[in-house]
Amino acid sequence: MKLERNCPLYFPHVLRLLFEKVMIRLFIESRSGPSPLCELLLEKRTSSSESQGTGCGCQGLKRDGAVDISDGNNLKHHNSANVYSEKANETPHAAEHDVLSKLVHLQGGWFMMGTDDPGIPQDGEGPQRRVWVDPFYIEEHEVTNQQFQDFTNQTGYITEAERFGDSFVFEGLLSEKVKSTLSHAVAAAPWWSPVKGADWSHPEGPDSTTKHRMNHPVLHASWADAQSYCRWAQRRLPTEAEWEFACRGGLEDRLYPWGNNLMPRGQHYANLWQGDFPTQNTAEDGYANTSPVMSFPANGFGLYDMVGNAWEWTADWWNIHHNTEEKKNPKGPESGTDRVKKGGSYMCHKSYCYRYRCAARSQNTPDSSASNLGFRCVLDPDP
């Protein structure tokens, strides 16, 4: 049978009628709350948006040119016997706060690292494998602006972002004045731009300051900057295995430091992005940028902000090829081009960067710095 265009069974005509009925029903139901049909369509929309990207783009932030920064810093450990720089002697420390973060002792042992159900398979989240870590101490929260300022005051240290003259900043945080000076953005993630004058004490560029957020995590710290701070503090960066052991807080095979439910009892447990990334952050968790450390509940080990707030450097070189062989105190490859970072940041949203899970991981070149990247240190027990 041949169907004419005016026949009720003509396919485009049927589709139009169905579409009109669906829209009428959605309009009626929207006035009384979401229905199963609405929820189904929203679920499909979310699934579609989640396929748009696998990251906020920060893993691709790399510096274009080489700048010789090898002669800048000659650091001493944090020890009263050391003679600090002339600047440090001229600027004595006022001890009204903890110079270094409180350490939490972890007993170590066997745990299941990685996952067999990766959220982002290409990141090398799997396979799940049995790993042993020796006992160690870890800082209860990320290194803060105040603590990093103490470090620079006492050593005269100059960060790589300061020496390069710029750092990457999420454009949504920039003032109109700074935006007007931008010459280019990151092609694959245009919401990121290298901003002249952005560094740890000017997180959103030269017209910003950390004075009102000294208890927030320090940002724009490169891997070398993090290493230098930890050495000064007579500590070190955690291995990826140590970091993940700490993140899990004693739980096994769970997505987040507190379990599998992102918002237990409807409460926010981490500083993440809410809304539509990258255009609208509704800040339902109370923060559109970083939050003060310890603003959200600690995990089972008493550690704060293991996911969200700021990405955290680890000691390991990046590698995506793992096996199920048991390992003790793995330290990653002996060499590489990128270092592993863990935990995600306030910019993470499931649609673009589902990396606020303990098994999730990402990477940056060691000289990279950005407005969502920080660190914390660990310490080995006395022998």
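Some ground rules. This is a predicted model, where local features need pLDDT of at least 70, side-chain atom pairs count only at pLDDT 80 or more, and totals for chains, interfaces and linings use all residues. Residues are numbered from 1 along each chain as its sequence is written, and side-chain values use heavy atoms, with hydrogens and water left out.

Cysteines, then. How many disulfides does a search of the whole structure find? Two. The criterion is a pair of cysteine sulfur atoms within 2.5 Å. C230 is joined to C377, S to S 2.2 Å. The angle about that S-S bond is -85°, so the link of C230 and C377 is left-handed. C230 sits in helix α7 (residues 223-232), and C377 sits in the loop between β13 (373-374) and β14 (378-379). The pair therefore ties together parts that are 147 residues apart in sequence. A word on those labels: helices (H or I, at least four residues) and strands (E, at least two) are DSSP runs, numbered from the N terminus.

Buried or exposed, what is C230? Buried, with a relative accessible area of 0%. C377 also counts as buried, at 0% relative accessibility. For the cut-offs: buried is under 20% relative accessible area, exposed is over 50%, and partly exposed is in between, with a 1.4 Å probe and protein chains only.

Next pair. C247 and C358 form a disulfide with their sulfur atoms 2.3 Å apart. This link is left-handed as well, with -75° about the S-S bond. C247 lies in helix α8 (residues 240-248), and C358 in the loop between β11 (339-342) and β12 (362-364), so parts 111 residues apart in sequence are tied together. Both C247 and C358 are buried. Number the bonded cysteines of the protein in sequence order, and the pairing reads 1-4, 2-3.

C348 is buried, with a relative accessible area of 1%. C353 counts as buried too, at 0%.

Now the helix. α4 covers residues 145-155, and nine of its eleven residues are buried, so the helix is largely enclosed by the rest of the structure. Among the buried ones are F148, D150 and F151. After α4 comes G156, with a positive phi, near 75°.

On to the strands. In a regular strand the side chains alternate between the two faces of the sheet. Two strands pair if DSSP finds at least two bridges between them. β3 runs antiparallel to β2 (residues 109-113), with five bridges. There, M112 stands opposite R130. β3 runs parallel to β10 (residues 327-328), with two bridges. There, W132 stands opposite K328.

Last, an open sheet. It has four strands in the order β12-β11-β9-β13, with mixed pairing. Its edge strands are β12 and β13, each pairing on one side only. β9 (residues 311-317) and β13 run parallel, joined by two bridges. The bridge partner of E312 in β13 is G374.

That's the tour.
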